[in-house]
Amino acid sequence: MGGLTDIRISPNPKQELFFNSHARYTAYGGARGGGKSWAMRVKLVLLALRYDGIQILLLRRTLGELRENHIIPLRKMLTGIAPYSESRREFVFPNGARIRLGYCDGEQDVLQYQGQAYEVIGMEEATQFTYFQFRCLTECNRASGNMKVKFRPRMYFTCNPGGVGHDWVKRLFVDRIYRDGEDPRDFTFIQSLVFDNGYLMKNDPDYVSALAALPEARRRAMLYGDWNAFEGAFFPEFDPRIHVVSDPVINPGDTLFRALDYGLDMTSCLWCAADGKGNVTVYRELNKPDLILSDAAAEIISATPKSEHIRYTAASPDLWNRRQDSGKSGFEILTASGLKGLIRAYSARIPGWRVTREYLKPANGTPRLRISSDCTELIRCLPLLRFDDKVREDASSTPHSVTHAPEALRYALMSREPKKALPPKPRFRRSIHSFDEYSPPEGYGDIIDYD
């Protein structure tokens with residue numbers, strides 16, 4: 001093919017291992033400066049040159065990263081070999097091979113690739129992608145029908161510790177812990193450090209000094225590829241295989257209740273059913289931003305069928321604080337808007353997370369908590385919750401976009417705990433001039449039947 005002599009490569013030994021891997025899933029990297037992006041680009045170009053008609057997809061999280069790390073370098077590398085289409089973001093080779101470049105800035109962006117077929121998919125900085133995105137892409141990793149030779153579809157990943165996808169990448173490639181349907185023989189990990197990059201060590205030795213000057217945890221991760229330097233998921237017990245059910249069973253004798261975490265940025269409400277054996281099923285959710293209190297009440301009421309007898313709604317305690325703008329509490333506004341049966345949720349974070357962990361932990365293979373597959377936001381957020389940097393047993397309050405649904409879950413589960421299991425009852429003075437007379441003291445989820 002014309003122009004081939006213009007491509008000259010000198011891979012280091014680790015990059016050669018990456019080029020030669022035929023595993024179903026191959027991950028390369030683990031630290032900064034290992035030459036990951038170059039290795040990914042060259043690997044995909046070599047595949048396109050070798051296999052007529054092969055369809056390849058290369059992804060980064062954002063368009064800006066995609067352009068700087070791959071589009072610009074590939075256009076330079078493939079001048080005179082494969083023309084680039086700006087509108088379709090793809091390189092088309094004379095042999096019918098194609099490298100398409102895409103990005104997944106938001107989690108749902110990955111759905112644009114559903115129904116498409118690529119023999120090879122490359123995920124650059126894979127730890128910036130969620131497990132949901134990875135699983136969606138595996139469905140696209142199949143024969144396209146354009147190749148005349150037999151080729152086993154495969155995926156290639158580059159990665160560093162940290163990021164939203166840290167846990168699934170670490171589990172599959174570093175810890176090698178596999179679930180049903182995952183074959184250990186399909187997964188290969190090639191560890192590469194800055195010290196393996198002879199070009200960088202020779203031409204930019206100060207880069208190593210810069211990595212060595214990072215804070216301890218980040219230095220261990222970025223310089224030495226230590227995947228244990230960053231705390232992983234706050235709830236490693238959460239496993240969709242056992243906690244998520246497609247058809248939750250709600251029995252006539254179950255206690256139905258709700259849990260509410262309100263914020264103007266996000267109203268998160270969960271509908272739950274508790275049986276007589278200490279098990280809880282989350283069977284419905286509402287997650288909606290930019291709702292004022294009265295609108296939040298209307299949304300919750302609208303989402304609750306009239307046939308459902310909701311015993312109570314455990315709500316965040318700050319709703320009982322009076323607001324300077326109106327002189328009313330959030331509790332009063334919600335109640336006046338028709339949302340009855342509100343009780344103060346037990347708000348102590350660490351005891352609440354401990355109880356949540358107990359509900360998630362399987363007892364004889366069966367957990368006490370089940371979540372309907374329709375509750376997509378709660379299912380998305382639970383594995384994304386991280387440890388707080390300073391308080392070891394607390395969950396991080398950032399990113400805030402993933403905290404609301406888990407907070408509501410914590411309120412829900414703590415409302416089922418017996419009083420004797422809670423810390424000493426705080427002193428509390430009821431006010432006969434407010435709706436507080438209908439609410440138990442903070443920390444005590446008394447069940448109040450308003451019907």
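**Rings, charges and the contacts between them**

Arg 410 lies over the face of Trp 353, 4.7 Å from the ring centre; a charge sits over a ring here if NZ of Lys or CZ of Arg is within 6 Å of the ring centre and within 35 degrees of the ring normal. This is a predicted model, with local features needing pLDDT of at least 70 and side-chain atom pairs counting only at pLDDT 80 or more, while totals for chains, interfaces and linings use all residues. Residues are numbered from 1 along each chain as its sequence is written, and side-chain values use heavy atoms, with hydrogens and water left out.

Arg 410 turns up again among the salt bridges (a side-chain nitrogen of Lys or Arg within 4 Å of a carboxyl oxygen of Asp or Glu). The structure holds 23 of these salt bridges. As a general point, side chains of opposite charge can pair when their charged atoms come close.

Helices (H or I, at least four residues) and strands (E, at least two) are DSSP runs numbered from the N terminus. Both ends of the pair are partly exposed, Glu 393 with a relative accessible area of 39% and Arg 354 with 44%; the scale calls a residue buried under 20% relative accessible area, exposed over 50% and partly exposed in between (1.4 Å probe, protein chains only). Salt bridges that share partners also join Arg 349, Asp 394, Glu 407 and Arg 410 into one network.

Elsewhere, the side chains of Arg 152 and Asp 186 meet in a salt bridge at 2.9 Å, N to O. That pair links distant parts of the chain, 34 residues apart: Arg 152 is in the loop between helix 4 and strand 7 (154-159), and Asp 186 is in the loop between helix 5 (166-174) and strand 8 (187-191). Arg 152 counts as partly exposed at 44% relative accessibility, whereas Asp 186 is buried, with a relative accessible area of 17%. Glu 299 likewise forms a salt bridge with Lys 288, the closest N and O atoms being 2.8 Å apart. Here the partners lie in helix 10 (residues 293-303) for Glu 299 and strand 12 (residues 280-288) for Lys 288, so parts 11 residues apart in sequence are tied together. Glu 299 is partly exposed at 24% relative accessibility, and Lys 288 is partly exposed at 33%.

Now for the rings. Rings of Phe, Tyr and Trp (its six-membered ring) pair if their centres lie within 6.5 Å, with planes under 30 degrees apart counted as stacked, over 60 as edge-to-face and the rest as tilted. By this rule the count comes to 25 aromatic pairs. In one of them, the rings of Tyr 131 and Phe 134 have centres 6.0 Å apart and planes at 50°, so the pair is tilted. Both residues lie in helix 4 (residues 131-140), 3 residues apart, or about one turn of the helix. Tyr 131 is partly exposed at 28% relative accessibility, but Phe 134 is buried at 1%.

The rings of Phe 257 and Tyr 312 have centres 5.0 Å apart and planes at 15°, so this pair is stacked. Phe 257 in strand 10 (residues 255-261) and Tyr 312 in strand 13 (residues 310-315) are 55 residues apart, so the pair links distant parts of the chain. Phe 257 is buried at 0% relative accessibility, and Tyr 312 is buried at 1%. The ring of Phe 257 also has the charged end of Arg 416 over it, 5.3 Å from its centre.
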